Amino acid sequence: MKIKYLLSVIAIVAITKDSFAQYSQDAIRFSTFQTGSTSRIKGIGNAGTAIGGDLSSISGNPAGLGFFTHSEASITPEFDGSKVNSTYLGQFNTDSKSNLNFSNGSIVIYQRLSTPKGRDKTKGWLSINYGAAYSRTNNFYENITYGGKNASNSIGDYYAGIANSNGQVSSGGLDDWAYQQNLIDSYATTGGSEYRRNAFGTVNQLNNTIRTGGQSEVNLAFGANYSNKLYFGLGVSFSDIRYNSYNVFNETGTANILVNNIGTNVGFNSNFVQDQVTKGSGANVKLGVIYKPVNALRLGFTFTSPTYYTIDDSYSEGLNTNFANNSSFKNGPVEYPLSYNMRTPLKLTGGAAIFIGKYGFISGDVDYIDYTTTHISSNDSYSADFDNSNIKALYRSTVNAHIGAEARLNSMFYLRGGYGIQGSPLKTNGSDIKTVTGGIGVRFGSYYVDATYAHLSDNQTVYPYEIGTGSPGANLKKTNNNAFLTLGYAF
């Protein structure tokens, strides 16, 4: 892998001011997925670890499969609406994107175990149930726009910084492109010379990002019931990643360039374009247990192993500049492919549910995830040492908390609500993702319909380029308004 890739990719897609390697960012991005679930469990804030008897157990706590006393299947489509409000250099912008997805499809096959004649049929191993599911665990769809008037610096300062760090422009590198396109030049100083931007005064800056894709899992699991007291489960998940990001950073202003060997002030319009396409696949295992000390209380625990991914990444970049004197320049796009391996953190989850007779229940979950244990490696000509050191220095361990409740209004109708906090893996410049959910359920015979609305919100600060303490930052306020509909049948 060329060093140019590492140097240039940090200009736009950096998550925090101190994190500049693309792969450390993607490693965390692909590690912050949520457990796939039905509308019912989403309606209680995804606090389903100790509930059992829901199809979400296939991708959540497989021990919950032991609660089934019949076979069951369901499908769950979803609507995702993303909105990003930005503030950059005092200017406000907003952008949005919406899409339809298939969130979950699950089936459980109930198998009661035979017991010897005369033996208590409520004691010992009573059933082993098998489940299969598809779940969407992460959604990358979003549009981000921010921009403003910058009187303090220019992305040309970033290009010049690369050249100065190398002592000269690197042939074929981003700084070389900027030099060829008259965005930077070598200026004499008392100590010799240094590269500086040619733009002066106030420049107008605008950044546009379009992201698509998501993560999904295919889950296979089984759960066993012992004496209606203790439930065990084991599952394996096969994960898939599809992530696309297209980014254009535009800058316009006036630059002093040589025209016929005479310094002349000329207006310019320059675009730095980046395009990333990432695909990957991986696998993990889940172990789960649920214990009922009394009928009104359930205690659950799930161990989710690290997911081991193989990822193919294709990144391309280009730079083009037009001047008002009709001169124009274009370099790229040049593509830099890389295949690498990634190990996500393991996850430990504990939960409890209190059942209030036939009137409903209250449930709560806590996850522990140490993002500093994320690790990447590659057999290509690329060293992951820099990225792995960034992961340990810039990220942290977090706790996710979920709480929810379901009320049984009558034999047909159910009302649900929940709240969740997904801890930010970033030490700085990030915030927890907060989720508020509400839903209803209808049961009629062997059929049921569940509907859930979820509102997610978080804040983030991103930096389009890094030039030290003067780096301009964009404050992003992200919200997602999502709707889920589960159609189910018991047989």
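The model is predicted, so local features need pLDDT of at least 70 and side-chain atom pairs count only at pLDDT 80 or more, while totals for chains, interfaces and linings use all residues. Residues are numbered from 1 along each chain as its sequence is written, and side-chain values use heavy atoms, with hydrogens and water left out.

**Overall build**

- The chain's secondary structure comes to 6 helices and 20 strands; these are DSSP runs (helices are H or I with at least four residues, strands are E with at least two), numbered from the N terminus.
- Along its principal axes, the C-alpha trace spans about 105 × 45 × 30 Å.
- Of the 491 residues in the chain, 53% are buried (buried means under 20% relative accessible area, exposed over 50%, and partly exposed in between, using a 1.4 Å probe and protein chains only).
- Take contacts (heavy atoms within 4.5 Å) between residues at least 6 apart in sequence: 71% of them join residues at least 24 apart.

**The largest pocket**

- The largest pocket has a volume of about 660 Å³.
- Its lining has 28 residues, and the closest to the pocket centre are Arg 40, Gly 52, Gly 53, His 70 and Arg 443.
- What counts as a pocket here is an open set of points, on a 1 Å grid over the protein atoms alone, where a 1.4 Å probe fits, with protein on both sides within 12 Å along at least five of seven lines; lining residues have an atom within 4 Å of a point.
- Grid points are joined across faces, edges and corners, and the volume is the space filled by probe spheres set on the points.
- Strands S14 (360–370), S16 (397–408), S17 (413–422) and S19 (447–462) each supply at least two lining residues.

**Phe 484 and its surroundings**

- You'll find Phe 484 in strand S20 (residues 474–490), and it is buried, with a relative accessible area of 8%.
- Phe 484 and Ser 103 are 381 residues apart along the chain, yet their C-alpha atoms are separated by 7.9 Å.
- Leaving aside neighbours within four places in sequence, Phe 484 has contacts that include Ser 39, Lys 42, Ser 103 and Asp 450.
- The charged end of Lys 42 sits over the ring of Phe 484, 4.7 Å from its centre (the rule: NZ of Lys or CZ of Arg within 6 Å of the ring centre and within 35 degrees of the ring normal).
- Arg 443 lies over the face of Tyr 414, at 5.5 Å from the ring centre.

**Aromatic pairs**

- The count comes to 19 aromatic pairs (rings of Phe, Tyr and Trp, taking the six-membered ring of Trp, with centres within 6.5 Å; planes under 30 degrees apart are stacked, over 60 edge-to-face, and the rest tilted).
- Trp 125 and Tyr 226 make an edge-to-face pair, 4.9 Å centre to centre with 65 degrees between the planes.
- Trp 125 lies in strand S3 (residues 125–139) and Tyr 226 in strand S7 (residues 199–226), so this pair ties together parts that are 101 residues apart in sequence.
- Phe 444, Tyr 447, Tyr 489 and Phe 491 form one aromatic cluster.

- A cis peptide bond, with omega about 10 degrees, joins Gly 332 and Pro 333.
- Asn 260 isn't a glycine, but has a positive phi of about 55 degrees; it lies in the loop between strand S8 (230–259) and strand S9 (262–294).
- Asn 326 also isn't a glycine, and its phi is positive, near 75 degrees; Asn 326 is exposed, with a relative accessible area of 74%.
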